[in-house]
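Dear colleague,

Please find below the structure I would like to hand over to you. A summary of the findings follows it.

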Amino acid sequence: MNAGTLELSILIIFISLCAGSFLNVVIYRLPRGQSVVWPGSYCPRCGHGLGILDLIPLFSYIILGGKCRYCQQTIARQYPLVELGTALAFYLIYWQRGFGIEMIAGWLLFSFLLTAALIDVAAAIIPDWITFPGMAAGILLAPYTIGWQDALLGMFFLGGFFLLVLLLSRGGMGGGDVKLAGLIGSFCGLRGALLVFLLSSLSGGVWALYLLLVQGANGKTAVRFGPFLSGAAFLVWLVGEELWYYLWF
Ligand SMILES: [Zn+2]
């Protein structure tokens, strides 16, 4: 690793930790109908405004021993995990695709997927504020990545398929899942969308079976599908072509 790549690596880790910190704010505030830019960050338990020492991604959590400086209550582990996860994912994307527009596309896709999955888990919704800008980003970036025809095909195939499921199952799936599927298709293209459909149905199906058989859920329990779609999409965006290869041999 020469000096230039080392500096670039440090810059990328710095940007990704800040991005993770911003995603934490979005994940917490969006389902509560709060603005993501105003007011400044505050402790969700005591409401005390946070100073610069509380806001250094990851390091503040470690320095403060996982506790709020003002009320001494524990900070949810999700905050440092989101920052760490974002840093790892952003770096992995940079390492795999190099520095450029594909990297930016990957960073955006990961941010949309993580936010959608965690809000779905916490609040059982996937807000339009994530899915619509996400679809727009996928289509706008497509001429520089997979081509806009493939992005549109992927979007209409995956979104259309889950729309059909939504209409047939009458509530077994949310409208947010349909729009998230469209977003994913616009980044992954048609081939990617097919794989995402396969992997998310499989993993979501196994999870539904587990809930039914082990947790004693009944047929009316809604399965939150967002995390399965998101996980499958990130995997396919990263190594979809390799997965195709192993599927056929
Ligand atoms: Zn506090």
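What spacing do the donors of the zinc ion follow along the chain? In this predicted model, the spacing of the zinc donors is C-x2-C-x21-C-x2-C. Cys43 belongs to the loop between α1 (3-29) and α2 (59-63), while Cys68 belongs to the loop between α2 and α3 (78-97), so this pair ties together parts that are 25 residues apart in sequence.

The zinc site

The protein donors are the SG atoms of Cys43, Cys46, Cys68 and Cys71, which lie 2.3 Å from the zinc ion. The arrangement is tetrahedral because the 4 donor atoms subtend angles of 103 to 120° around the zinc ion, and four donors count as tetrahedral if all angles lie between 85 and 135 degrees. Cys43 counts as buried because its relative accessibility is 6%, and Cys68 counts as buried at 5% relative accessibility; the cut-off for buried is under 20%.

The nonpolar patch

On the surface, a nonpolar patch is formed by Ile52, Leu53, Ile56, Phe59, Ile62 and Ile63, and together these residues have about 680 Å² of accessible area. One of them, Leu53, is found in the loop between α1 and α2. With a relative accessibility of 54%, Leu53 counts as exposed.

The aromatic pairs

There are 10 aromatic pairs in the structure. Among them is the pair of Phe90 and Phe110, which is edge-to-face, with 6.2 Å centre to centre and 80° between the planes. Since Phe90 lies in helix α3 and Phe110 in helix α4 (residues 101-123), the pair ties together parts that are 20 residues apart in sequence. Phe90 and Phe110 are both buried.

A further pair consists of Phe161 and Phe197, whose planes stand at 70° and whose ring centres are 4.5 Å apart, so the pair is edge-to-face. This pair links distant parts of the chain, as Phe161 is in helix α6 (residues 148-169) and Phe197 is in helix α7 (residues 175-213), 36 residues apart. Are these two residues buried or partly exposed? Phe161 is partly exposed, its relative accessible area being 29%, and Phe197 counts as partly exposed at 23% relative accessibility. Phe161 and Phe197 also belong to one aromatic cluster, which includes Phe162, Phe225 and Phe228.

With kind regards

Terms used
Residues are numbered from 1 along each chain as its sequence is written. This is a predicted model: local features need pLDDT of at least 70, side-chain atom pairs count only at pLDDT 80 or more; totals for chains, interfaces and linings use all residues. Side-chain values use heavy atoms; hydrogens and water are left out. Donors are N, O and S atoms within 2.8 Å of the metal (3.2 Å for Na, K and Ca); water is not among the atoms, so sites may look incomplete. Four donors count as tetrahedral if all angles lie between 85 and 135 degrees; four count as square planar and six as octahedral if opposite donors are over 155 degrees apart and all others between 65 and 115; anything else is irregular. Helices (H or I, at least four residues) and strands (E, at least two) are DSSP runs, numbered from the N terminus. Buried means under 20% relative accessible area, exposed over 50%, partly exposed in between (1.4 Å probe, protein chains only). Patches are made of residues with over 30% relative accessible area and no salt bridge: like charges are joined within 9 Å, nonpolar side chains (Val, Leu, Ile, Met, Phe, Trp, Tyr) within 5 Å. Accessible areas come from the Shrake-Rupley method with a 1.4 Å probe; for residues, only the protein chains shown count as cover. A salt bridge is a side-chain nitrogen of Lys or Arg within 4 Å of a carboxyl oxygen of Asp or Glu. Rings of Phe, Tyr and Trp (its six-membered ring) pair if their centres lie within 6.5 Å; planes under 30 degrees apart count as stacked, over 60 as edge-to-face and the rest as tilted.
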